[in-house]
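Let's work through some charged side chains together. Keep the model open and try each task before you read its solution.

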Amino acid sequence: MSKRDKTLKDILDFILYENPSTQEEIAEKLGITRRYVTQLLQPLVKDGTVKRAYMIDLKSYEKVAESIGDYVSNKNSTGNVLINDMLANMAKHVHSQLELSFDAVLEYDEAKASKALEMDFATNNMVEKIRTSVETIVSIDYHYEISKSLLYNEIAYDLERIGDYCGHIAKFVINDVYQVDENVLKKLKKMYNTAQSMIRLAMKAFIEGKTELKDDLMELEETIHIMQSKAINLIATQMAESSFDEKERSNYFIYLFRLIKAFKRIGDISVEMMDVAIEFHDNIPRPTTPRTFR
């Protein structure tokens, strides 16, 4: 493979997996000039292989990959494996979004909270990329199971929902004027760590087919429910000892309950993702009864 083709492949891989918004971002990441990025991408933009702002038509991508000597005659090379990589990258982004949101709470840092909220734009963009990529795969392979493709979209949508709850966590810092009490913060730290672990287990089950991890996930779900109950009881005690003459103090408790609920919902979504993984890999349909009634 020539140096030019290698650079083009690196550009296409970066677009597929890192969701850049500008050519400057691509150039900076790969250590090349923006002009060279433009030169390499221009033919692909003209023929529709690369769409602004930087999405790739997978049907055309297969031809490009073959022309630069990087094509493997296996539908998974540009099908399932590609979507799995995109989902893994999205999960990594959501993990970072959750980490930054909670760091903002720990440090009471409004700048970090604002940055965490900005990350949600990229999360939403990733969902759209995955959806259009799945549609392309189905159009390429007419024998592909549509039901399977829909499950890819569900995982992406679930990750987007987790991103939304990360926003709820970040907004606590922006909306409020009080830092969290240290005793409550200890409970929140445990909920945060548990939520991060639950996302990892659910994604590992879906991408790698390790559905046997469900037992571990359910143990973590029990942990997050216990911590939620302890946090709520602790806050209720603090509320009983506080005066509600100040509107700000009242809002503090309202926002704090929302923060706790956000962690609990992230755990619930992780369990839903595990159910999707089991349906995808083991062909066991998910329960139709809402989780709250099981």
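Predicted model: local features only at pLDDT ≥ 70, side-chain atom pairs only at ≥ 80, totals over all residues.

Residues are numbered from 1 along each chain as its sequence is written, and side-chain values use heavy atoms, with hydrogens and water left out.

**Exercise 1.** Find the salt bridge of Arg-265 and decide whether Arg-265 is buried or exposed.

Solution. 
- Start with the rule: a salt bridge is a side-chain nitrogen of Lys or Arg within 4 Å of a carboxyl oxygen of Asp or Glu.
- The partner is Asp-268, with the closest N and O atoms 3.0 Å apart.
- Both residues sit in helix 11 (residues 247-282), three residues apart, about one turn of the helix.
- Buried means under 20% relative accessible area, exposed over 50%, and partly exposed in between (1.4 Å probe, protein chains only).
- Arg-265 has 18%, so Arg-265 is buried.
- Asp-268 has 4%, so Asp-268 is buried too.

**Exercise 2.** Locate Asp-158 and Arg-161, and trace the network they belong to.

Solution. 
- Asp-158 and Arg-161 lie in helix 8 (residues 146-175), three residues apart.
- Their side chains form a salt bridge at 2.7 Å, N to O.
- Both Asp-158 and Arg-161 are buried.
- Glu-272 is linked with Asp-158 and Arg-161 in a network of salt bridges.

Helices here are DSSP runs (H or I, at least four residues), numbered from the N terminus.

Methods: Helix = DSSP H or I, 4+ residues; strand = E, 2+ residues; numbered from the N terminus.
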